[in-house]
Each structure stands twice: as structure tokens, then as C-alpha cells.
Amino acid sequence: MTMNQTPVSERVHIGFFGKRNAGKSSIMNSVTGQELAVVSEVKGTTTDPVYKSMELLPLGPVVMMDTPGIDDEGELGSLRVRKSFQVLNKTDAAVLVIDGTAGVSEEEMLLAERIRKKKIPFIAVVNKKELADASVKEQVQKALELGEEQIICVSAAEGDGIEELKERIALIAQREEPEKYLVRDLLEPSDIVVLVTPIDSAAPKGRLILPQQQTIRDILEADAVSVVVKETGLKSALKRLKEKPKMVITDSQAFAQVSADTPEDILLTSFSILMARYKGNLEQAAAGVTALDRLDDGDMILISEGCTHHRQCDDIGTVKIPRWIREYTGKDIRIETTSGTEFPDDLTKYKLIIHCGGCMLNEREMKYRLSCAADQGVPMTNYGILIAYVKGILKRSVEVFPEICKLFI
């Protein structure tokens, strides 16, 4: 997979934050070498976050994010500020842009503190150095309690300091993490894996959904063999294979049928469960699903998706899962839904949160949502775990993960 083909969820997310007219858009344009964001002397020109996928060498694939000013005013302004703070939840490295002619404000000091609390590496960029007092760098550094390596003075108008800024951003955004796999570490070379992939009407025409694409790639990386079928072709495919597959991986919506068609001596799981493991929330999701058994009439559930798509007449998040929950519990459950970047700050009114696999969310945002639920004492599970649970096949679907399977013994 080339850098340009890297999914957004796998890219380092770099956010540009600051007050209106500090020069956030100008600096991001200078760093990217493209006119991505509209630049104007009128305050509040950036009204919504702007995203750009690109390569930042030597870092690699990134997403650059420009944000509305944190000092925006009025009812609409407060909504824009909230959007900026939401962007922080997916930010791997932050660039705090300060107008060198204005000095440090209370809003910027509070923002720096918010960034620190979220443990996001950041750099302060003093813009308009050609107009600023010579002592501004020292003043900003002292006010924000920064080290020498955390602050740089630039001029977006003249291009001065931009190359050094790019190097600084790449340095603070570097991540050293252990290699993670969807399924590769569970396979040996030449193992056969059957993938059951119903044609998802919500996916763009001619494409598989992202978890299916990523799983196929991971199987190939393991030098294993992938056989892809629709749910109606599984039974026939298993009969025709001369060698027993190591594993069957299915779209969660087809769990019940696939489980019935797959012999007990073949491992079975779903793309959603594999994605939960990949995102680091499989154990939390497996433990959280048992909250279904404690629900009463009138309890409220949140169903949240990380992406936005055209809702179909039998949409999984808004139609199928609510139906399965009510059938399983026999209770009059109230349900709210969110999608995309929307995720409530206050979760205390919910008895359970059911999240999609999160394939379109980067790791930091997924962890943020998980920690919000954990901190507020709200159980959280995901689509695949919940569907397997209500269909009575959860233990079988996690047999491939002994540490999770033991939760249900």
C-alpha cells in the first residue's frame, strides 16, 4: 500500500489551532504548499474544520486539519469553537498558532492546558515575526511554560521559518508503536481463510468496505490464502475446498447464517470483532455487551458510528440493531444515534453504548471515546460483539482469542 493509498484512519493527524486571524490557515497552506484553506483578513473565515490528506516527509502519510478560531463569538461562534475542540480528540500532534503582534491571550493559555491534559505533543508557532517585537518568543515561551524545542517563530507571509516548522512537526508527530495486525498474527503461511462479504449497499459502488479490504491485505501479508464469497455461497465454497479452512471471517450482519453453515471445527469471527481488537477495545466491548441483560423499560442506549453514509431502508445502526436489541431484551428501549465526528461529552444518561468497528476513526479518537465511556461508568460494546451475543454465538466468535473467550466460560 502506497502512502497515497493509506486510509485516513491510519494516518498521523496534525491539527492547527489558535485564535481568529492568528494565521492558522496561512501556516497550514505554507506547510502543505497548497491553497487548501481560504485566507482572509476578516475574522472567522474558517467556519468548519478543513482536512487534507498528504505526505509530510520524513514523517509519511498525514492528515492536516485547520480549525475555526477558539475565540469565536456568538451562538454560531460557540458551535465553531466546539468543533475545534472535537478535532482535538483525533489530533496526534498539535500546532498552536499565536499572533506575534498580539501576544498570548487567556484563550491560548487554556487551550495549551487542554492539549496537555489530553497528552497531545504540541508546538507553539509565533506567526508574523516580521511585525512582532523581538522579545515575543521569550514572552510566549514563559506564558505557556514551553521548552526551547516547543516554540518557533515564523512568517507565513514571507515563508520564513516554514521549512524548520515542517521538520519540528515531523519530529513531535513521530510515533513508535508495536506493530498491530488485524489477523496476520493468527495465521501460518498457506492457511486458508474464507471471507464472507455481503455486498453492502451503503458502500460506494464497486468497492468493498474498508475492514474487508484491510483484512484481505493482512491475509496476503501472512502468505495465507483468502477465498471471498457472499453469504449465499459459503456452504458451497466449503464443500468445494479440498483443504479445511483455518478460519471464516464474516460481516457481522450475516453472523447467524454463517455460523449455521460453518462446521464447529473451523474458527469463526467477524470483521468488526477483528477491528475491535485492532483498535484496542475488544476486551472492553466483550465485557460491556452483558449490560444488555440488565436493561429495563425506558433505559436509553447510544448507537454511534464513526463515519457518515446514506441510510438504507434496513440500515444496520438505525434499524437492524435496534430491532435485535428489542427482540433480545423484550424491553421498551429508547435509542439515540450519532455519526461522524459527533460523540456526546456527557454519556451518563445512557445504560449502554454500541459503537461501530471504528474503521474510519484514527486510534486517538477511538481511545478518546472508549475512555469517555469508561470514565463515566457507561458500558461500551461494538456491532460485531453485540450481534454475536444476541444471536447466541459470541463465545464461538471469540474462540480465536483465548483471553477474551475466558470471560464467557
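Student: Which ring does the charged end of Lys180 sit over?
Tutor: This is a predicted model, where local features need pLDDT of at least 70, side-chain atom pairs count only at pLDDT 80 or more, and totals for chains, interfaces and linings use all residues. Residues are numbered from 1 along each chain as its sequence is written, and side-chain values use heavy atoms, with hydrogens and water left out. A charge sits over a ring if NZ of Lys or CZ of Arg is within 6 Å of the ring centre and within 35 degrees of the ring normal. At 4.5 Å from the centre, the ring under Lys180 is that of Tyr278.

Student: How far is the charged end of Arg114 from the centre of the ring of Phe85?
Tutor: Arg114 places its charged end over the Phe85 ring. The distance to the ring centre is 3.7 Å.

Student: What kind of aromatic pair do Tyr328 and Tyr389 form?
Tutor: Rings of Phe, Tyr and Trp (its six-membered ring) pair if their centres lie within 6.5 Å; planes under 30 degrees apart count as stacked, over 60 as edge-to-face and the rest as tilted. Here the centres are 5.8 Å apart.

Student: Is Tyr389 buried or exposed?
Tutor: Buried means under 20% relative accessible area, exposed over 50%, partly exposed in between (1.4 Å probe, protein chains only). Tyr389 has 16% relative accessibility, so Tyr389 is buried.
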